[in-house]
Amino acid sequence: MFSRHAFRCAQPLRQSARQYSTEAPKSKSLAPVYAAVGATGLGIGLYRYYSSGATTAEAPKDRPKVFTGGDQGWIDLKLLDSETLSHNTKRLRFEFPDKEAVSGLEVASVLLTKFTPAEGEKAVIRPYTPTSDEEQPGYLELVVKRYPNGPMSEHIHSLNPAQPLSFKGPFPKYPWEANKHEHICLIAGGTGIAPMWQLARQIFKNPEDKTKVTLVFGNVTEEDILLKKELDELENTYPRRFKAFYVLDNPPKEWTGGKGFITKELLKTVLPEPKEENIKIFVCGPPGMYKAISGSKKSLKDQGELSGILKDLGYSAEQVFKF
């Protein structure tokens, strides 16, 4: 999550990372090379791209689905276990009554969660995107960051194994099909990485989907980078089609990635130009990030007007989707 300070501006970038290579370099190294840029020390990872063979996926088994839609009502799932990822973030696994069942989610879609405080106050409802694969039988996983005075995140963090949480859904967000766009760009902040991971995972597990993906991921500290291991695995496996740029508000001394906030200069450098055909930019993060990058959405069904950096760079509302 970004801090509440205004987005700082970086000096113009000296290197352009717009183009993907069309053939693999001769070198076998997978190490990223970073360009030193600007007085603020903003570093942008410049990655080399290599060809990789597609893994043939087994035909999915026809399994029962736990969630069939919003009309189904609320379903209680018990917490199976949890894992601490950082000082304020947990990965939590909720088990299905039927161990052979799958969630029923499609890409991209979301579940609502609900609980009623012990004091008998109004029920708290929040949307979450599971980080587990949609074809995973027996359970789903949530990655949840605890926010001060955030009733749902504090409640979820307080759960012990065998305690329930109510879920409802799924609710479609942006229906995906293979090769729907030639190149997509994911701009995420904090836990906004969850729907981006859902989308990227779907793309790269399908050998027929050749979509290129660029991720720009902003966080406060290096410890806050969620799903880093999984994202690194994608980058190492599909280096010609997936590239990630990380930006930290408070980076460690040895940090060689981006420093500060996601800026116009950074996005102008790493995103495809607005005039390129069949591209899509997805945005998800805290309110301050939406305001600066794309403008806020009005509701789950109303994207609101496009504003901010993406509008300034010449992208159209049709090229941008706000999760």
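This is a predicted model: local features need pLDDT of at least 70, side-chain atom pairs count only at pLDDT 80 or more; totals for chains, interfaces and linings use all residues.
Let's start with the chain as a whole. Its secondary structure comes to 6 helices and 14 strands. Of the 323 residues in the protein chain, 49% are buried. The accessible surface is about 16,100 Å², and carbon and sulfur atoms account for 50% of that area.

Now for the empty space. Rolling a probe the size of a water molecule over the atoms shows where such space is left. In this model, the largest pocket has a volume of about 940 Å³. Its lining counts 36 residues, and the closest to the pocket centre are Pro127, Tyr128, Thr191, Cys284 and Gly285. Several elements of secondary structure each supply at least two lining residues: strand 5 (109-115), strand 6, strand 7 (139-145), helix 1 (151-158), helix 2 (193-204) and helix 5 (287-293).

Which residues does the UniProt annotation "binding site" cover? That record, an unreviewed entry, lists Arg126, Pro127, Tyr128, Val143, Lys145, Met152 and Ser153. They span 28 residues in sequence, but no two of their C-alpha atoms are more than 13.5 Å apart, so the set gathers at one spot. From this set, the lining of the largest pocket takes in Arg126, Pro127, Tyr128, Val143, Lys145, Met152 and Ser153.

Are they buried or exposed? Pro127 has 45% relative accessibility, so this residue counts as partly exposed. Tyr128 has 17%, under the 20% limit for buried, and therefore counts as buried. Setting aside residues up to four places away in sequence, Pro127 touches Val110, Leu111 and Leu112. With its neighbours within four places likewise left out, Tyr128 is in contact with Val110, Leu111, Thr113, Leu142, Val144, Met152, Ser153 and Ile156. Met152 and Ser153, among these contacts of Tyr128, also belong to the annotated set.

Cys284, one of the residues closest to the pocket centre, has 12% relative accessibility and so counts as buried. Pro286 sits in the loop between strand 13 (279-284) and helix 5. At 12% relative accessibility, Pro286 counts as buried. Where does the chain come back to meet this loop? The C-alpha atoms of Pro286 and Gly192 are separated by 7.4 Å, although the two residues are 94 apart along the chain.

While we are on cysteines, Cys185 is buried too, with a relative accessibility of 1%. How many disulfides does a search of the whole structure find? The count is 0.

The structure holds 1 cavity of 30 Å³ or more, and the volume of the largest cavity is about 50 Å³. Its lining is made by Ser103, Leu105, Pro130, Ser132, Asp133, Glu134, Tyr139 and Leu140. Tyr139 and Leu140 in that lining fall within strand 7 (139-145), one of the elements that also supply residues to the lining of the largest pocket.

Key: Residues are numbered from 1 along each chain as its sequence is written. Side-chain values use heavy atoms; hydrogens and water are left out. UniProt positions are given in the numbering used here, feature names are shortened, and annotations may be inferred rather than shown by experiment. On a 1 Å grid over the protein atoms alone, a cavity is a set of points where a 1.4 Å probe fits but cannot get out, and a pocket is an open set with protein on both sides within 12 Å along at least five of seven lines; lining residues have an atom within 4 Å of a point. Buried means under 20% relative accessible area, exposed over 50%, partly exposed in between (1.4 Å probe, protein chains only). Contact means heavy atoms within 4.5 Å. A disulfide is a pair of cysteine sulfur atoms within 2.5 Å. Helices (H or I, at least four residues) and strands (E, at least two) are DSSP runs, numbered from the N terminus. Accessible areas come from the Shrake-Rupley method with a 1.4 Å probe; for residues, only the protein chains shown count as cover. Grid points are joined across faces, edges and corners, and a volume is the space filled by probe spheres set on the points.
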